[in-house]
Structures are given as C-alpha cells and as structure tokens.
Amino acid sequence: MPNPLLGFWYHLLGADAQRARRLQRLPHASVTEASETIFLVLRRMRAPLILLITIFAISVLGLTLIPGQDAQGRPWRMGFFDSFYVMSYTASTIGFGEIPYSFTYAQRMWVTITIYLTVIGWAYAVGSLFAMVQDRAFRQALALQQFRRKVSRLREPFLLIVGYGQTGQLVGHAFDALDRRFVVIDISSERIDDLQLGSYRADVPGLVADARDPGHLVVAGLGHESCEAVLALTDDDEANLAVTMTAALLRPDLPVVARTTSSATAARMRAFGSPSVVNPFDVFGDHLRLALRAPASYQLLTWLEAGPGAELPPRGQVPRSGRWVVCGSGAVVEELTLDLRAEGLEVITVESGAPAPVAGQDGAVAPGSISETTASVEVEVRRAVGFIAGTDNDTSNLSLVVAARQSNPELFISAWQNRPANATLFEAMALDTLLVPTDVVAHEAYALLSTPLLRRFLREMPERGDEWAAGMVDRLTSLCGHHLQMLWKVALTAGEAPAVQPWLASGRARLGDLTRDPTERTERIPAVALMVLRGDDSALAPDDDFVLTAGDEILFAGRPAARRALDSTLLLDTAGEYVVSGRQVPSSWIWRRLTRHSGRRDPALPG
C-alpha cells in the first residue's frame with residue numbers, strides 16, 4: 001500500500017520537485033567530483049602525511065625518554081610539551097636553541113638524527129605535493145570545484161553557451177554588450193584560457209569538459225533557477241544533439257538554440273521539444289534569395305542581426321535574370337542550389353576538384369585538381385549572371401572568384417569563407433554576398449535570444465517590400481548614424497510601466513507622445529519604434545498616431561540615452577505626467593503640499 005504522506009508531498013511539490021529529483025539522480029561522477037577535491041588531496045598526500053606524523057611522533061617520544069641535565073648537573077627529563085615544542089621548531093628549520101637547559105650528547109645525537117629524518121620526510125611530502133598539483137586529474141577536479149562555486153553564486157539570469165569557438169565568442173561579446181551574463185563549456189583548454197583573458201564586463205565562468213556528459217551540463221548550471229537558455233554552438237553535430245537532448249529531458253522549459261549542418265541531425269533535434277535549430281547553409285540560402293530580390297531588405301536584416309556597434313553594410317544591386325553557376329560539393333551546394341531554383345533561376349553546378357593544386361614531378365598540375373575546376377568555371381560563367389564559390393577551402397574559393405570575375409566582370413559573386421582568419425582576404429575581394437557560417441549562426445542566436453521581438457520583426461519585415469526597408473534604413477541612419485546602437489523591448493504592463501497606466505487606459509495614448517523627451521517634451525528621444533506587438537497581432541514601424549494600450553510590447557532601436565529617458569517616462573510619475581500633459585508635478589511631499597495651497601484662489605483677491 002503506498003504511503004499517503006509521500007503521495008501528499010508528491011502532489012504538493014509538483015513539477016519543480018520532479019525536475020530537482022531528475023537532476024539529483026544523474027549517475028555521472030562529475031556531479032560529485034566537484035565537491036570531493038579535498039578528499040582527492042587527502043588520498044594523494046596520505047603516505048607523505050603518515051610518514052611526517054610518524055617521524056614527528058618518534059622524535060618527540062625519543063626526546064622525552066632520553067635523560068638530560070639541569071643547570072646544576074642533576075638528571076632531568078624533558079616533558080612532553082617541551083619535547084613537542086623543541087621538535088616543532090627543529091623540524092620546521094626555525095631553530096630557537098636548546099631549552100630549557102643545554103642538551104647532553106645523547107640528546108644532541110637524537111636531535112641530529114631527527115633533523116635528517118624530518119628533512120627526508122619534508123622533501124618527500126613537498127615533492128608529492130608538487131606532483132599532485134601538476135597532475136592533470138587534480139587540476140581538472142580543482143577547476144571543476146571552482147567553476148561550480150562560481151555558477152552556484154550567480155543570482156542574475158545567464159545563458160549556458162556550449163562551445164567557445166568563433167561562433168561562441170561572437171555570441172558572448174554580443175550579449176556582454178547587453179550586460180547579459182553567460183557560462184561557457186568547451187572541450188578545448190586553449191579556448192577556455194582565451195575566455196579567461198577576454199575583455200568582458202563581468203567574470204565569465206568557463207569549464208573544460210565534454211558537453212556530451214549530462215553531468216557537466218548540470219554542473220554548468222542547467223538546473224540553476226537563473227539559467228534562461230542553452231546554446232549548443234560546437235562544430236560537432238553529435239555533441240550539439242546530445243546537448244539538445246539533455247536540455248529537453250532535464251529542463252524542457254528552457255529555450256535551446258542548436259547549430260547543425262545536417263538536415264538529418266536537425267530532424268533528430270526537433271524530435272526533442274521545439275529547439276531553434278540553425279543550419280548556416282540553409283539560413284544563408286534564405287538570405288541570398290532576399291538579397292537577389294530585395295537588397296534594401298537584406299541590408300536592414302543583416303544590420304539588425306549583427307548587434308550593437310555593427311556598421312551598416314553596403315546595399316547591393318538586383319542582378320540580371322539568367323543562369324547561375326555554383327561550384328563546390330556537399331551540403332552547402334545542395335542547400336544553395338535548392339534555394340536558387342526555388343526562386344525560378346537556372347542553376348548549373350560544377351563539382352570541385354582537390355582542395356589545392358597537386359603538382360607532379362614535372363611541375364604540371366595533376367588531373368582532377370583545382371585547375372581543372374577553374375577551367376570549367378571560366379567556360380560556364382561567360383554566359384552566367386551569378387556565381388557562388390562553395391568549396392571547403394578558402395584558397396580554392398578565392399582562386400575561383402578571381403577566375404570567374406576575369407571571365408565575366410558583370411557577375412553577381414558570392415563565396416563561402418571557411419576560416420575566420422581569412423576575413424581580410426575575402427573583404428578585399430568586394431563580394432556581393434559572403435557566407436561565413438560562424439557569423440550566420442551567431443547572428444541567428446543573437447536575434448533569437450537578445451530581444452524576443454527582433455526575430456519576429458526580421459521574419460515579417462521582407463513582406464513590407466524593399467522600398468519600405470530602404471525608408472527604415474534611412475530613418476535609423478539619420479537617428480543613430482551608420483553604426484547600430486541599442487535594440488530593446490518595452491512592455492507596457494503595470495510592472496514595467498506603472499507611470500503611464502492611467503494614460504493607457506484612457507484610450508488616448510499615442511506612440512508619438514510616449515517618445516517625447518521627459519526633460520523637454522517638445523523634443524523627441526533618439527529612438528525608432530520598429531514594431532508593436534499586441535497579443536498575436538503585430539504592427540511594423542507604427543507612426544506617431546498609433547494608439548497604445550496596456551500590455552503592448554514595443555521593439556525600439558536607438559541610442560542608450562533614449563532608453564534611459566524612456567525608462568524615466570515609464571517608471572516615474574512626474575516624468576510620465578509631464579510627457580503626457582506637459583504639467584510639471586512636484587516629486588516631493590512638501591512641494592506637492594505647497595503647490596496645492598498655492599493653486600487655491602484667495603477670496604480676498606479680485607476674481
């Protein structure tokens with residue numbers, strides 16, 4: 001018969017208790033390893049410590065038993081405390097002298113023996129200590145304990161970033177600019193060292209560990225109440241799949257952003273909850289289609305996705321209608337070919353040869369090398385309007401771009417940059433579009449997690465047309481310059497905007513009034529409302545006459561000063577009243593009383 005008391009507590013605690021029990025039942029040693037460093041030290045230092053204690057005990061005992069003489073030459077034995085005191089400063093090499101009386105030859109002989117014994121014991125102990133400190137297992141255990149302590153002390157929301165490669169670094173710096181905390185796991189110790197040397201605003205806990213071990217994710221804060229999202233950004237699809245599975249099973253309430261280049265892996269990820277799966281090749285294909293038909297929309301999308309401080313990218317031109325040539329092999333060519341054909345374009349694929357020229361003994365290039373691919377490209381692009389270099393080697397892609405441009409200078413050219421270190425070379429080529437998988441994944445992750453409304457705005461923005469997007473770019477550049485400033489969300493709720501709740505309830509709350517300067521209402525704050533979300537309905541770039549209601553969510557872009565001014569309007573009654581009505585309301589109780597009395601008309605004065 002089941003215990004009714006246990007059933008009562010089971011139903012009372014609910015889902016939170018179930019989640020806690022799931023985390024506690026993890027059968028991985030890494031969870032307990034973090035709290036057992038002291039026991040590891042004791043195990044490694046057990047033999048040296050026993051030897052030191054034994055030598056010390058025998059030395060004290062011998063000095064107690066060996067007879068000595070007092071100042072008058074009478075027999076005298078040292079007490080236990082005196083012997084312990086003498087051996088303490090003798091064994092530690094301090095050496096105060098012979099107390100309380102001069103030693104006899106027998107005592108001096110014993111002390112001489114104990115000195116050599118203690119030197120041997122200390123040498124053995126110190127050597128064991130240094131060996132333990134240099135041991136990789138001990139350093140990992142110590143780092144794990146320190147890491148767990150840092151994570152457990154976090155009291156503000158943080159992101160769990162798995163993989164600190166180029167993508168993880170871009171995401172980390174972007175969220176650090178937004179004052180968002182994050183925790184990092186990476187299998188490479190060099191990357192974690194780079195993390196510790198990074199110029200971040202706050203301390204970033206980092207752990208060298210295999211993220212496929214669920215215990216490591218738990219230690220990194222997966223079960224922490226302040227963890228708000230998980231980002232699987234490694235270059236290993238299986239590792240990203242393991243992270244997605246662990247997060248879905250242990251914390252199904254957390255949003256997950258996972259990177260993959262395989263459609264099969266993406267399907268397996270989506271089988272676990274609803275993670276946001278980012279395939280850089282698929283995303284770039286969608287961006288390329290947008291760039292071909294709406295260059296202004298593509299310019300706005302890439303600018304907003306790049307994050308704060310990003311420079312406005314140049315606006316391309318719509319290419320002519322005609323044939324496209326895609327050179328390369330693998331998933332990237334398949335994705336781009338499908339996307340281009342979905343636009344109704346004729347596409348010819350050229351299989352790439354070897355990743356680099358292979359010369360024979362006579363100096364000739366071997367068949368099947370990049371030279372044959374270049375020759376094929378030169379023939380095909382003469383009648384084409386667009387060309388994509390999509391091999392997995394940057395040197396080959398640069399060579400193909402040069403050959404294609406020489407054959408047809410009017411081409412719309414795109415290329416795949418594999419290594420971030422070659423960014424300067426690709427930038428010098430002045431390409432129309434550039435595929436950098438690390439940047440694509442980082443920008444998608446930023447858009448998904450930085451501001452919840454940004455992802456929806458970017459999804460709906462192309463439907464408004466290219467002319468509308470060009471107008472938005474002009475508005476943003478006139479207000480913020482050619483470097484993107486801040487993107488933030490405002491929720492007109494009682495908790496986040498208490499000062500304007502009566503105004504919102506009146507039905508006369510206009511967006512143009514909300515964006516007045518709280519210090520001088522005739523001026524406007526330097527911000528642009530990109531979108532207003534009301535329930536499931538959205539309004540992109542609403543005008544000043546747009547009527548706001550309680551509960552609306554607004555996506556703003558503007559300068560940091562605009563955000564501070566808007567926060568004053570939403571939170572301070574005096575600022576909100578001044579912005580809405582233009583009436584100055586005293587902020588202190590005394591001034592309010594004085595203003596109330598001064599506003600009354602004196603009956604003795606003429607009407």
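Predicted model: local features only at pLDDT ≥ 70, side-chain atom pairs only at ≥ 80, totals over all residues.
The protein has 26 helices and 17 strands. Of its 607 residues, 45% are buried. When contacts between residues at least 6 apart in sequence are considered, 66% of them join residues at least 24 apart.

Strand β17 has a partner on each side. Strand β14 (residues 486-491) runs antiparallel to β17 and is joined to it by six bridges. Strand β15 (residues 527-534) is likewise antiparallel to β17, with six bridges between the two. Individual residue pairs illustrate this arrangement. Ala 557 in β17 is the bridge partner of Leu 487, and Val 528 also stands opposite Ala 557. Another pair is formed by Ala 527 and Gly 558, the latter in β17. Strand β17 is mostly covered, since five of its six residues are buried. As a general point, side chains in a regular strand alternate between the two faces of the sheet.

The loop between β16 (537-540) and β17 (553-558) contains Asp 545. Asp 545 has a relative accessible area of 53%, and it therefore counts as exposed, the cut-off being over 50%. Along the chain, Asp 545 and Gly 512 are 33 residues apart, whereas their C-alpha atoms are separated by 6.3 Å.

A further open sheet consists of five strands in the order β10-β9-β11-β12-β13, and here the pairing is parallel. At its edges are β10 (346-350) and β13 (433-435), each pairing on one side only. Neighbouring strands of this sheet are turned against each other by 15° on average, with direction ignored. Strand β9 (residues 323-328) pairs with β10 in the parallel sense over five bridges. Within this pairing, Val 325 has Ile 348 in β10 as its bridge partner. Helix α17 (residues 394-407) lies across β9, β11 (384-390) and β12 (412-416), and runs at about 165° to β11.

Contacts between helices were also examined. In general, two packed helices are described by the angle between their axes and the distance between the axes. Helix α14 (residues 295-306) and helix α19 (residues 437-449) pack at an angle of about 75°, and their axes are 8 Å apart. Because angles of 65 to 115 degrees count as roughly perpendicular, α14 is described as roughly perpendicular to α19. On the α14 side, the residues involved are Leu 304, Glu 305 and Ala 306, which meet His 443, Glu 444, Tyr 446 and Ala 447 in α19. By class, this contact of α14 with α19 has four nonpolar, one polar and two charged residues.

Cysteine residues were considered next. A disulfide is a covalent bond between the sulfur atoms of two cysteines. With a limit of 2.5 Å between the sulfur atoms, the count of disulfides is zero.

Most residues other than glycine have a negative phi. Asp 179, although not a glycine, has a positive phi of about 60°. This residue, Asp 179, lies in the loop between α8 (166-177) and β4 (181-186). Ala 430, also not a glycine, has a positive phi of about 55°, and is found in the loop between α18 (423-428) and β13. The relative accessible area is 53% for Asp 179 and 57% for Ala 430. Each value is over 50%, and therefore Asp 179 and Ala 430 count as exposed.

Conventions: Residues numbered from 1 in each chain as written. Heavy atoms only, no water. Helix = DSSP H or I, 4+ residues; strand = E, 2+ residues; numbered from the N terminus. Buried < 20%, exposed > 50% of the residue type's maximum accessible area, 1.4 Å probe, protein only. Pairing = 2+ DSSP bridges. Axes fitted to C-alpha atoms, helices over the stretch in contact; angles between N-to-C directions. Contact = heavy atoms within 4.5 Å. Parallel < 35°, antiparallel > 145°, perpendicular 65-115°, else oblique. Nonpolar A, V, L, I, M, F, W, Y, C, P; charged D, E, K, R; others polar.
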